Amino acid sequence: MASSNYFSPQRGNGFPDKSRVTNSLPTYSSAVTEKMHRHSHSMSWTIPVSVPIPGVRSRRFRLFMPNPNRIRQINISHFGRRRGPILLCVVLIASVVTVCSFARRFGAEEKQWTPNFGESSTLVFGREDLQRIWKWEIDSGHYPSNAKIPEQVGLSFPPLNPALPPRKVPTIPSRFRPPPGPVATTTRGDGPRRVYLDVQSLPPNVAYPPRPVPGSVVDLDIIMDHCDFSQGKYVRDCLEVLRIGAGLDNGKRLRRGEMDEWKYIYMEQEKENFTDPFTDPILIANPIVPPRPLASGGEADPNAGLRKKTGVDWETQLPLRAPLQHTPSSSLPAPCDPENPRLFHMFWTGPFTDKPYLALLSFLFTQNVGLHLKDGDTLNVCRPEFWMWINPGPAASVPNPSALSDMYEGLKTNPWAAPFLHHRFKDVIKFKLWNTTDQLDGIPELKDEWRELRETLFNSGGHIVSVPAEKSQSKSAEATSTATLEDSTNSTDADPAKKPSSTGDNKSDEDDMLNRTGSKSSSSYDRLSVILSDMARFVLCHRFGGIYLDADTIFLRDWEELWGWKGAFAYRWSRLEKYNTAVLRMNKNSALGSFLFRTALKNGLDFHPMTVSRYTKDAYLEGLLLRLPDALFDSAWLNTEYYQRERPPQPYFQEFSDFFDTPVQASAAPQALGFEGFFRGAFSYHFHNFWWKPFDPSRNWPDLGPRFSAGERAARAAAEPDIDPEDATDRVADDKRDLDWATVLKRTFESYIRGERPNMYGEWLQW
C-alpha cells in the first residue's frame, strides 16, 4: 500500500516515533569526537565559567578560571603522584606569605588592611599615651569596675585600683600560679571593701520609698549583668532589678526569697583581712601574642597594631596633671568632694518654655536638695546643684556686652522661668550665660588652636554647617534683644509671625537656619543649636565636672548612687553599640577629657555621639567612658524601634509621641498609675525632642499656686487670648477626659510646688 504523508514514521516495534526533548547536554557524533573534545579542554590552561548576572535573567557573565586538571597533569608528570600535590601546597603557602610580607614591609601605614572596613581611623595618640590615660584614670579612682582592659593597650602589669576592694586571703593557699603573659587586662584592687545594702522601707512606714543612703555607690558591673541589651537582657527585667535594689517597690514587693544577686548599691568601708597588694603574686592575663612589631630601621614600632588617622602625625605627649586620690565618702571632712562636684548641666537656646520648666520641676521633685527643711536647718548630705546654661540668641551669634543683664530681665518676665528665681531655690538652681568663645578659651587643650576651625565649628558627624564671620557678628546685638523681647509664652500655641531676617536676606528668621532660636516646629528644627549642644556638654563637664542632661530629660528618682560611682559614662544608642550623650558624666580636667578634646581638634571638632564612639573605640578607651544600658535613662527607645515588644516595660510606647498623645487603648493608665507607674526604677526619661508639643494642652501655663499667680495670669492670657484671666474659671468639664502621660507628670510636679502633696520620697516642701 502506498505510504501517506499524513502518517507518522514507524519505529521498529510498530509504534510511532516520538519527538525527542533536548536536555541541553552536549551531543557528539561519535565516541572519538567526544574524546577529542574532552582532551582539548583538559589541555587548556583555563576553563570558561558562566555566572548569573543579578537582575538580568537572560544573560550570564563568562569568566576564565585556571584549569585544575591541567595543573594536576603537569605536576604529576614532572614530580610524581606523591610529591606533586605536596609540592603544590608548599608553593601556594609560600606565595601567600610572600605577598603578605611585601604588603606589610612596603605598604603605606594608612593603606594596610584593617579590621574596620568602611570607616577611617580617628586615632592620633600612640600606645604610650593610651597607657598613661588608662593609668591616670585608674589611679584617680575613676575605674571602679572589674571589666577587662583591652589587650591592645599593652599594659605590662596590672595596675593597682584604689576603687576596687582587694581580694580576700584564701583559707588554704593555692599552689596554682597563672602562666606569665606579656599583656595585663585586669587591675588589682587596693581600695575600701564594699558592703552591699538591702534598701527598703520597713513596716509600717511603707507609703514612700526611703532616700538613698548618703555616700552610697551604684555597682554598674551588676547593672550591666542585668540590663545589657547585647546579652539579651530585657528593659522590663532591668527596671525590676533597679527598683527592688533601691527600695522603690515600697510596700509592693511580691518577690520572695533571697535577693542578694539584685543588690547593686554599696557603701565603702575600711579594709580588713585582705591581701597585701604588694606581696600577693601579680596576676597576669592569659598569654596573648601581641601584634607583631613593624620593623623600622631595625627598631620595633611601639605603636604596632594601632590605626593612626590618615594624614596626621602622632600627637606629642599628652600633658596630664597628677592623679587624684580616691577617698570614700565616709572619710571626707565634708559631705561634698571638691574633686567631684555634684553639678547637673543643661543647655538651652532661645526663650524659656515648658520643656526646661518641667526638667527643673522634676529635679526639685526627686533630688535631695533639702527643700523639706526650714531655713537654718542643716542638710548632712552633698546637695546637688542645677546649672541652666542659656544661649540667648542663635547658636552662631556673639552675645553683646549687656547679654547677662538682658538674660535675667528676660527670665524675670518669662512665666515659665520666673518661679525658679525665687529665693527658696537660689542655692540649687542657677542660671548661667553661655558664651562659646569664653567656653572654648577655657579649655587648655583647645584655646590656642580652635580659632583655626572657626569656619567649620558647626560640625556634626562630618556634616559641616558653614557660618560666615560677618553674619555671626551682625546678629550679635539683635540676637540678645530678640530673645529678651520675644513672646515668653510657649511657642507651641500658634505659629509665630514671620519676622524679617536679621541677616538682611529675604528669608525670615524661622526659615533661616542661622537665625533660629529653638525648634518651634518639626519643619523649623534648630539644627545649629543641637550641634552646639553636642560640643557644649563635653566643654561643661570637662571644665566644671558633673553630669550633662539634654533639655528633653525628666528626672524619675534620686541620683545619689550614680554620683558615688566616680567613673565617666553615657548610655547606649538603642540597639547600636554607640553612645548617646543625652546623659553624660565626666570628671573635671580628666585624662579622658583631655584625650577627647585633642582628638576632636584633629577631627574637625566633631562631637556628634557617633563620632565620639569612634574616638574611644579607635583608642581602646571605651571602658573609661562606660556605655550604660538605655533602660536607665531611655526606657522606651528599644520599643520604638520594634525591639522587645513581646515583653515591653510599663508604660509601653510604640512611638515617642505616645508620651504626649497616649493611645486611647492605654489612656486609662496615666491617671490610674500616676508618677509611680512611669518606668519605675529608671533614673530619668528622655522624650526625644517634640519641643513644639505642650505637655498639658488643656492648661498650657505654669500652675504653681498663689505665690506665682502673676506669671500664671500672663501665660494664661497668651494661651487663651479670648478670655480675661480675671474672669477665667477652671471647670473639670473643660479638661481633657483621658489625660496623657506628659500631662500627668507635669501636674504631679506642680502639685508638689503648690504644697498639695509631698515629693516622691514623702517630703513636704517648706517655704
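## Packing of α6 and α18

In this predicted model, helices α6 and α18 pack at an angle of about 60°, with their axes 9 Å apart; helices (H or I, at least four residues) and strands (E, at least two) are DSSP runs numbered from the N terminus. Axes are lines fitted to C-alpha atoms, for helices over the stretch in contact, and angles run from 0 to 180 degrees between N-to-C directions. The angle makes α6 oblique to α18, given that angles under 35 degrees count as roughly parallel, over 145 as roughly antiparallel, 65 to 115 as roughly perpendicular and the rest as oblique. The crossing of these two helices is left-handed; this term applies if the near helix is turned anticlockwise from the far one by less than a right angle, and right-handed applies if clockwise.

On the α6 side the contact (heavy atoms within 4.5 Å) is made by Tyr357, Leu358, Leu361, Ser362, Leu364 and Phe365, and on the α18 side by Lys746, Thr748, Phe749, Glu750, Tyr752 and Ile753. These residues divide into eight nonpolar, two polar and two charged. In this classification Ala, Val, Leu, Ile, Met, Phe, Trp, Tyr, Cys and Pro are nonpolar, Asp, Glu, Lys and Arg are charged, and the others, Gly among them, are polar.

Helix α18 comprises the 14 residues 741–754, which at 1.5 Å a residue should span 20 Å; the end C-alpha atoms are 20 Å apart, in agreement. The expected span is 1.5 Å times one less than the number of residues. Of the 14 residues of α18, 12 are buried, where buried means under 20% relative accessible area, exposed over 50% and partly exposed in between (1.4 Å probe, protein chains only). The buried residues of α18 pack against α6 (354–366), β16 (553–555) and α16 (669–673). Just after the helix, Gly755 adopts a positive phi of about 85°.

Lys355 belongs to α6 and is buried, with a relative accessible area of 1%. Leaving aside residues up to four places away in sequence, Lys355 touches Trp348, Ala551, Phe660, Phe687, Phe690, Trp691, Lys693, Pro694 and Phe695.

## Helix α13 and its partners

The axes of α13 (residues 591–601) and α14 (residues 609–618) come within 11 Å and cross at roughly 110°. Helix α13 is therefore roughly perpendicular to α14, and the crossing is right-handed. Phe595, Leu596, Thr599 and Ala600 of α13 meet Val612, Tyr615 and Thr616 of α14; the set divides into five nonpolar, two polar and no charged residues.

Helix α3 (residues 127–139) also packs with α13, at an angle of about 145° and with the axes 8 Å apart. Here Ile133, Trp136 and Glu137 of α3 meet Ala591, Leu592 and Phe595 of α13, a contact of five nonpolar, no polar and one charged residue.

## Met586

Met586 lies in strand β18 (residues 576–586) and counts as buried at 1% relative accessibility. Among the residues that Met586 touches are Phe538, Cys541, Ala568, Gly593 and Leu596. Met586 and His142 are 444 residues apart in sequence, yet 9.7 Å apart in space, C-alpha to C-alpha.

## Overall chain and basis of the values

The protein chain has 18 helices and 20 strands, and 49% of its 767 residues are buried. Residues 24 or more positions apart account for 75% of the contacts with a separation of 6 or more.

Residues are numbered from 1 along each chain as its sequence is written, and side-chain values use heavy atoms, with hydrogens and water left out. Because the model is predicted, local features need pLDDT of at least 70 and side-chain atom pairs count only at pLDDT 80 or more, whereas totals for chains, interfaces and linings use all residues.
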